[in-house]
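Q: Before going through the features one by one, please show the model.

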Amino acid sequence: ERAEAFCGQFGGQPYTDLAQLLDESRPDALWICLPPYAHGDAEMAALERRIPFLVEKPIANSMVTARAIRERVEASGVLAVAGYMNRYRRGVARARSLLADDPAILVHGGWVGGTPGVPWWRIKAQSGGQIVEQTTHIFDLARYLVGEPEVVCAQGTRGFVQDMPGYDVEDASVVAVHFCGGAVGSLVSSCAGRTGGGGVHLSLTAAHHQIDFTGWESAAVIQKSPLEKEQIAGEANIFEIEDAAFLQAVASGDRSGILSPYADAVGTLAFTLAANLSLETGRPVRVSEM
């Protein structure tokens with residue numbers, strides 16, 4: 001019924017079977033926008049038909065699923081892209097350029113807010129929890145700007161949110177990270193707030209630069225001295241920019257504009273799932289062992 005209503009407004013034909021949709025419509029490209037627990041079949045169906053796809057983050061809530069898809073992507077050569085849109089921001093590109101010569105030493109970031117309304121989000125077996133489904137954007141930016149994480153150690157808390165049926169995710173968590181390049185950091189999450197406060201942020205301290213991203217749009221402030229600051233506004237149309245890069249790669253075959261290939265996104269999933277494992281065990285976890 002929802003598909004019929006959508007097609008009534010925007011055109012197209014509704015389907016209840018993915019294989020039928022792909023075989024009859026024969027799309028040039030596919031967007032896969034599914035809850036974390038539902039990934040796998042759609043990606044494999046696209047790969048069997050050699051259809052390029054962009055998959056929303058997180059790419060799965062299981063390393064087994066993500067690795068199986070990655071193997072098929074690599075074997076087939078089909079263009080597969082992950083939806084980490086912040087990599088396409090001008091401020092992020094500027095920060096990455098600066099940090100290449102002046103690496104980050106300290107990292108602090110997080111995602112603090114309320115609980116999204118969809119029922120599957122609050123069930124950890126389905127969403128993976130806030131770290132995997134939401135703060136993944138900050139974990140991914142940290143990887144992109146700082147480098148690969150080596151070890152994570154996490155602590156979480158539950159019991160404050162008691163008015164949502166089926167809710168079993170952490171109310172808040174703190175993840176300490178040691179990066180392979182030597183930097184250290186902390187990444188925080190909370191979905192318990194009801195005030196609308198908190199927000200999204202990532203701060204990176206290097207020897208000669210302080211870089212602060214704030215808000216969903218990742219507005220950047222880059223400080224080189226007390227008297228010298230560079231400000232770069234975040235793009236409100238970042239999804240259009242991300243989609244344009246994907247479509248350009250599909251049309252031309254040139255993948256140089258793709259900043260978040262599927263294989264790389266598997267690394268971000270491993271990062272977030274390592275944090276989850278540390279939450280569950282109370283022990284440090286090596287990300288490379290995920």
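The dialogue below takes up sheets, helices, cores and aromatic rings in turn.

Q: What kind of model is this, and how are residues numbered?
A: It is a predicted model, in which local features need pLDDT of at least 70, side-chain atom pairs count only at pLDDT 80 or more, and totals for chains, interfaces and linings use all residues. Residues are numbered from 1 along each chain as its sequence is written, and side-chain values use heavy atoms, with hydrogens and water left out.

Q: In what order do the strands of the three-stranded open sheet stand?
A: The order is β1-β2-β3, with parallel pairing. The edge strands are β1 and β3 (80-82); each has a single partner strand, so one side of each is left without a neighbour in the sheet. Neighbouring strands of this sheet are turned by 20° against each other on average, direction ignored. Three bridges hold the parallel pairing of β1 with β2 (residues 53-55), and Leu54 in β2 is the bridge partner of Trp31. Helix α3 (residues 41-48) lies across β1 and β2, at about 165° to β2. Helix α10 lies across β2 and β3, at about 35° to β3.

Q: How is a nonpolar core read, and which residues touch the most other members of the largest one?
A: A nonpolar core is a set of buried Ala, Val, Leu, Ile, Met, Phe, Trp, Tyr and Cys residues joined through side-chain atoms within 4.5 Å. Buried means under 20% relative accessible area, exposed over 50%, and partly exposed in between (1.4 Å probe, protein chains only). The largest core has 63 residues, of which Phe53, Ile59, Leu145, Leu202, Leu204, Phe213 and Tyr262 touch the most other members. Its largest share, 10 residues, comes from helix α10 (residues 262-281). Apart from it lies another core of 11 residues, including Leu54, Met85, Phe246 and Ala249. Not counting residues up to four places away in sequence, Leu202 touches residues including Val107, Ile138, Leu187 and Phe213.

Q: Is Val78 buried or exposed, and what is it in contact with?
A: Val78 is buried because its relative accessible area is 6%. Val78 is found in the loop between α4 (63-76) and β3. Leaving aside neighbours within four places in sequence, Val78 is in contact with Leu47, Arg50, Ile51, Pro52, Val73 and Arg255. Val78 and Arg50 are 28 residues apart in sequence, and their C-alpha atoms are 5.9 Å apart in space.

Q: How are aromatic pairs classed, and how many does a search of the whole structure find?
A: Rings of Phe, Tyr and Trp (its six-membered ring) pair if their centres lie within 6.5 Å; planes under 30 degrees apart count as stacked, over 60 as edge-to-face and the rest as tilted. The search finds six aromatic pairs. Phe6 and Phe10 form a tilted pair, 4.7 Å centre to centre with 40° between the planes. Both lie in helix α1 (residues 2-10), four residues apart, about one turn of the helix, and both Phe6 and Phe10 are exposed. Trp31 and Phe246 form an edge-to-face pair, 5.2 Å centre to centre with 90° between the planes. This pair links distant parts of the chain, with Trp31 in β1 (residues 30-32) and Phe246 in helix α9 (residues 238-252), 215 residues apart. Trp31 counts as partly exposed because its relative accessibility is 34%, whereas Phe246 is buried, at 0%.

How values were computed
Helices (H or I, at least four residues) and strands (E, at least two) are DSSP runs, numbered from the N terminus. Contact means heavy atoms within 4.5 Å. Two strands pair if DSSP finds at least two bridges between them. Axes are lines fitted to C-alpha atoms, for helices over the stretch in contact, and angles run from 0 to 180 degrees between N-to-C directions.
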